[in-house]
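The report below goes through one protein chain, from its overall layout to single side chains. Please keep the sequence and the structure in view while reading.

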Amino acid sequence: MSDYQQRVTDSYNERKRLIRLRRKKENLRFWEEFGIIPRWLMVLVAVLYGIALVTAITVNLAARNNPNGNEMFPPELRNNPALASLALAGIVTAAGLTMATFIFFVAYVNRDASRRGMSAALWTILVIILLPAWGFIGFVIYFLMREPLPYPCPQCGNTVGARFNFCPNCKCNLQPSCPQCKREIAETDKFCPYCGNDLAAARGAESAVENVRQP
């Protein structure tokens, strides 16, 4: 591998490391994430489930009066319409929950990709294409590859992308760098991953200098 290829690989690996660290800062809660799914889609899924449930039970009960014989489902409960309807409702509910899960996941990917500055259409199409043959693998790929959420600049409050190193509005340094080698580091690093510099000691020295400067 050439030096250029090695530098590109190292840069890519370092960028992925910092993205993972920035993603860990996200304080995501289930119900808040569930809330980004459109309300109208939730209502539509609930209405379709109700229609499917009523239709299935009605058709099943009508089969009891078939001139050719009782053809209610399941066959073991043909003589007990109440239990047969309950069993059929359970089957419809299980199928409905499975379909609703897929629909909600697709809707979540679409909305989440959009708010993270990614291509919502591309990722939505990807998970839908992989869905019939590979199931949830498209969602797994998305959750592994998605960008961190944008966040407010600590200095001016302007929304900045997770990949930004400096705020485009106030030039605030969004990602600290090692004082010795000047390469980008994470806030959680205790030692520089490039030169081994003791970052805790460096931060302590900087704090002492700031305290001296203050009147």
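The chain has seven helices and two strands, where helices (H or I, at least four residues) and strands (E, at least two) are DSSP runs numbered from the N terminus. Their order from the N terminus is α-α-α-α-α-α-β-β-α. This is a predicted model, in which local features need pLDDT of at least 70 and side-chain atom pairs count only at pLDDT 80 or more, while totals for chains, interfaces and linings use all residues. Residues are numbered from 1 along each chain as its sequence is written, and side-chain values use heavy atoms, with hydrogens and water left out.

Of the 215 residues of the chain, 31% count as buried. Buried means under 20% relative accessible area, exposed over 50%, and partly exposed in between (1.4 Å probe, protein chains only). A contact means heavy atoms within 4.5 Å. Among the contacts in the chain with a separation of 6 or more, 43% come from residues 24 or more positions apart.

**Cores**

A nonpolar core is a set of buried Ala, Val, Leu, Ile, Met, Phe, Trp, Tyr and Cys residues joined through side-chain atoms within 4.5 Å. The largest one has ten residues, including Phe102, Val106, Trp123 and Phe139. Two or more of its residues come from each of helix H4 (81-115), helix H5 (120-134) and helix H6 (137-145). H4 gives the most, with four residues. A second, separate core has nine residues, and Ile37, Leu41, Met42 and Tyr108 are among them.

**H5 against H6**

H5 and H6 pack at an angle of about 140°, with their axes 7 Å apart. Axes are lines fitted to C-alpha atoms, for helices over the stretch in contact, and angles run from 0 to 180 degrees between N-to-C directions. The angle makes H5 oblique to H6; under 35 degrees counts as roughly parallel, over 145 as roughly antiparallel, 65 to 115 as roughly perpendicular and the rest as oblique. On the H5 side, Trp123, Val127, Leu130, Leu131 and Trp134 take part, and they meet Ile137, Gly138, Phe139, Ile141, Tyr142 and Met145 in H6. These residues divide into ten nonpolar, one polar and no charged. Here Ala, Val, Leu, Ile, Met, Phe, Trp, Tyr, Cys and Pro count as nonpolar, Asp, Glu, Lys and Arg as charged, and the others, Gly among them, as polar.

**Single residues**

| Residue | Relative accessible area |
|---|---|
| Arg146 | 10% |
| Thr124 | 12% |
| Phe104 | 17% |

Arg146 lies in the loop between H6 and strand E1 (151-152). Its side chain makes polar contacts with the side chains of Tyr108 (3.3 Å) and Asp112 (3.0 Å). A polar contact is a pair of N or O atoms within 3.5 Å; within protein, one must be able to donate a hydrogen and the other to accept it, and residues adjacent in sequence count only if both atoms are side-chain atoms.

Thr124 is found in helix H5, and its side chain reaches the backbone oxygen of Ala120 at 2.6 Å. Leaving aside neighbours within four places in sequence, Thr124 is in contact with Val106, Val109 and Asn110. With residues up to four places away again not counted, Ala120 touches Asn110, Ala113 and Ser114.

Phe104 belongs to helix H4. Beyond its neighbours within four places in sequence, Phe104 is in contact with Phe34, Ile37, Leu41, Met42 and Val45. Phe104 and Val45 are 59 residues apart in sequence and 9.3 Å apart in space, C-alpha to C-alpha.
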